[in-house]
Structure formats: C-alpha cells, structure tokens
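Biologist: I would like to learn how to read a model like this one. Can we go through it feature by feature?

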Amino acid sequence: MAVALPRSSMKARDTLFYGLILVVLAAVLYTIHIAGTEVHSVTDCTSAYHCETYSQIECKFFGLKGGQCTMYSYLMYGACGVVSFVGAVTVAVSLYRLIEAPRVSALPSPPGLCPKCGAMNPPTSKFCNECATKLA
Ligand SMILES: [Zn+2]
C-alpha cells in the first residue's frame, strides 16, 4: 500500500502574500464604506406621545437613496467580512506551512519511506515497492 505525501503546487510564501493583500483589501473596502456613508439618528413621531428613533444610513457616493443605500451598506459589510475572513485564513495557513512544514520535513524519515515517491514500504524493504528506488 502506498501512502503518498500531499504536495502543494503553490508556495506558502505566495499564498501568504495573497492573504495579506486580501486583508489589506478588506481594510480599504471598509475605509471607503465608512468614508462614503453617514449614519443619522432619525426620530419619527406618529403622535405627540409616540416617537421612534432609528438610525438611517446615508450614502455620499453613487447617489443611492434610502433602501438602496441600506442594501449597499449591508453588501459592503458582507464583502468586507468575507474578504477579511478568507485573507486571515490564508495568512494563517501560509504561516503554518512556512513555520511548521520545514520542521516536519526536517524530522528523520521513518524506515521504509521512499525519498522519491513518498510511498510507505515495509521497514525491511531494500527497494521501493512503487518506484523501485533504492531505500536507505
Ligand atoms: Zn518510491
């Protein structure tokens, strides 16, 4: 039975870079959103004794009004959340791979592990059962 070790085509350094870009992008999106919107406190009185206070979002960009602006606002919050989450996870995984992977590969390989194809052979094997490479 061959146990192939997983290999990634993307370098951890590259994914770390893309992850950081995503986090910065989320921060930029959020800044644009904060700069482009203003929250007002609106008090609406249906009678002299009954008033309701609620916050209303006003968009300075795009000329969005009322419900459109609220919708845009939620979309921006959602987008910022998703982008920053994906970015943070990407950064975390990349850092893990950068820090942890070299340590794992520096461990002495168990007897029977093929250095060429990664197949696991019985410890007594002299040659790999998968690719016939000579085992140490
Ligand atoms: Zn092999």
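Modeller: We start with the overall layout and then turn to single elements and residues. Keep in mind that this is a predicted model.

Biologist: How many helices and strands does the protein have?

Modeller: There are two helices and two strands. Along the sequence they follow the pattern α-β-β-α.

Biologist: What share of the residues is buried?

Modeller: Count neighbours. A residue is buried if 20 or more other C-beta atoms lie within 10 Å of its own, and exposed if 12 or fewer do. In this protein, buried residues make up 9% of the 136.

Biologist: And contacts between residues at least 6 apart in sequence: what percentage join residues at least 24 apart?

Modeller: The figure is 43%.

Biologist: Which residues of α1 are buried?

Modeller: First the general idea. An α-helix has 3.6 residues a turn, so residues three or four places apart point the same way. In α1 the buried residues are Gly19, Leu22 and Ala26.

Biologist: On to the strands. In which sense do β1 and β2 pair?

Modeller: They pair in the antiparallel sense, over nine bridges. Strand β2 takes in residues 51-59. The two strands form a hairpin, with five residues between them.

Biologist: Which residues of β2 stand opposite Glu38 and Cys45?

Modeller: Glu38 stands opposite Glu58. Cys45 stands opposite Cys51.

Biologist: How many residues of each strand are buried?

Modeller: For β1, residues 37-45, the number buried is zero out of nine, so this strand lies largely in the open. For β2 the number is also zero out of nine, so β2 too lies largely in the open.

Biologist: Take Cys51 in β2. Is Cys51 buried or exposed?

Modeller: Count its neighbours again. Cys51 has 10 C-beta neighbours inside 10 Å, so it counts as exposed. Setting aside neighbours within four places in sequence, Cys51 is in contact with Thr43, Asp44 and Cys45.

Biologist: What about backbone angles?

Modeller: Most residues other than glycine have a negative phi. Ala132 has a positive phi of about 65°, although it is not a glycine. Ala132 sits in the segment after α2. With 10 C-beta neighbours inside 10 Å, Ala132 counts as exposed.

Biologist: Where does Pro110 lie, and is it buried or exposed?

Modeller: Pro110 lies in the segment after α2, the helix of residues 66-106. Pro110 is exposed, with 8 other C-beta atoms within 10 Å.

Biologist: What separates the C-alpha atoms of Pro110 and Asn121?

Modeller: They are separated by 9.9 Å. Along the chain, Pro110 and Asn121 are 11 residues apart.

Key. Residues are numbered from 1 along each chain as its sequence is written. This is a predicted model: local features need pLDDT of at least 70, side-chain atom pairs count only at pLDDT 80 or more; totals for chains, interfaces and linings use all residues. Helices (H or I, at least four residues) and strands (E, at least two) are DSSP runs, numbered from the N terminus. Two strands pair if DSSP finds at least two bridges between them. Two residues are in contact if their C-beta atoms, placed from the backbone, lie within 7 Å.
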